[in-house]
Amino acid sequence: VKAVERRLGIAGALARRGLTGRAEAAFPATVKKYPANPEAWLGYAKWYMARNKPHRAEMIVRQGLEAIPADARLHASIGGTFEHQGKLVNALRAYRAASVLDPQNPVFEDEVARLEFLQGDPLSAMNRWEKIVREHPGAERAARRLALAYRSEEHTSELQSQAYLVCRLLL
């Protein structure tokens, strides 16, 4: 893992110095040398996402998923590329796959809930956020989103929605 991190760090340093051609060449060399390391694929895809090239990032993550199909982070990453391209159904499917592969990570489940809410299924989203908050008390982002969802669905004040949230979770 440290060798991959070192290679990705070098590629990032090259990019910061304006040597984008050399940096861009460092990423495929890294995944070629470490094809079973998800960090290599994630770093390579992140390079293209930072350059607003989500389609290219999607292609890279797809290759990573061929090499490592059971990596939850790669599924979440392709979900991000889909979302960036407006492919919300595909993004939701990818985040769900990430959540199934790593059910202990509340971030993936939070992304599922967020997309469910955005796609017009607030009840499923709110139930999912409640579960996250109950099982992961430190999941502040999910708690904030849940409070905002209560507020938007019930047209209550922020204080009322937070109080309602606390009552629901204590029962």
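Trainee: Quick one to start: is Asn52 buried or exposed?
Mentor: Asn52 is exposed, with a relative accessible area of 54%. Exposed means over 50%, buried under 20%, and partly exposed in between, using a 1.4 Å probe and protein chains only. Keep in mind that this is a predicted model: local features need pLDDT of at least 70 and side-chain atom pairs count only at pLDDT 80 or more, while totals for chains, interfaces and linings use all residues. Residues are numbered from 1 along each chain as its sequence is written, and side-chain values use heavy atoms, with hydrogens and water left out.

Trainee: Where does Asn52 lie?
Mentor: In the loop between helix H3 (38–50) and helix H4 (54–67). Helices here are DSSP runs of H or I with at least four residues, strands are E runs of at least two, and both are numbered from the N terminus.

Trainee: And what about the phi of Asn52?
Mentor: Positive, about 55°, although Asn52 is not a glycine. Most residues other than glycine have a negative phi.

Trainee: How do H3 and H4 pack?
Mentor: At an angle of about 170°, with their axes 7 Å apart. The axes are lines fitted to C-alpha atoms, for helices over the stretch in contact, and angles run from 0 to 180 degrees between N-to-C directions. That makes H3 roughly antiparallel to H4. Over 145 degrees counts as roughly antiparallel, under 35 as roughly parallel, 65 to 115 as roughly perpendicular, and the rest as oblique.

Trainee: Which residues of H3 make that contact with H4?
Mentor: Trp41, Tyr44, Ala45, Tyr48 and Met49 on the H3 side, and the H4 residues include Pro54, Ile60 and Val61. Contact means heavy atoms within 4.5 Å. By class there are 10 nonpolar, 2 polar and 1 charged residues. Ala, Val, Leu, Ile, Met, Phe, Trp, Tyr, Cys and Pro count as nonpolar, Asp, Glu, Lys and Arg as charged, and the others, Gly among them, as polar.

Trainee: Switching topic: how many helices and strands are in the protein chain?
Mentor: 10 helices and 0 strands. Of the 171 residues, 40% are buried.

Trainee: Let's look at H1. Which of its residues are buried?
Mentor: Val4, Leu8, Ala11, Gly12, Ala13, Leu14 and Ala15. The buried residues of H1 pack against helix H2 (20–33) and H3.

Trainee: Okay, H7. How does H5 pack against H7?
Mentor: H5 (residues 72–84) and H7 (residues 106–118) pack at about 25°, with axes 11 Å apart, and are therefore roughly parallel. Ala72, Arg73, Ala76 and Glu83 in H5 meet Phe108, Glu111, Arg114 and Leu115 in H7. Those residues divide into 4 nonpolar, no polar and 4 charged.

Trainee: And at what angle do H6 and H7 pack?
Mentor: About 155° for H6 (residues 88–101) and H7, with axes 8 Å apart. That makes H6 roughly antiparallel to H7. The H6–H7 contact has 8 nonpolar, 1 polar and 5 charged residues.
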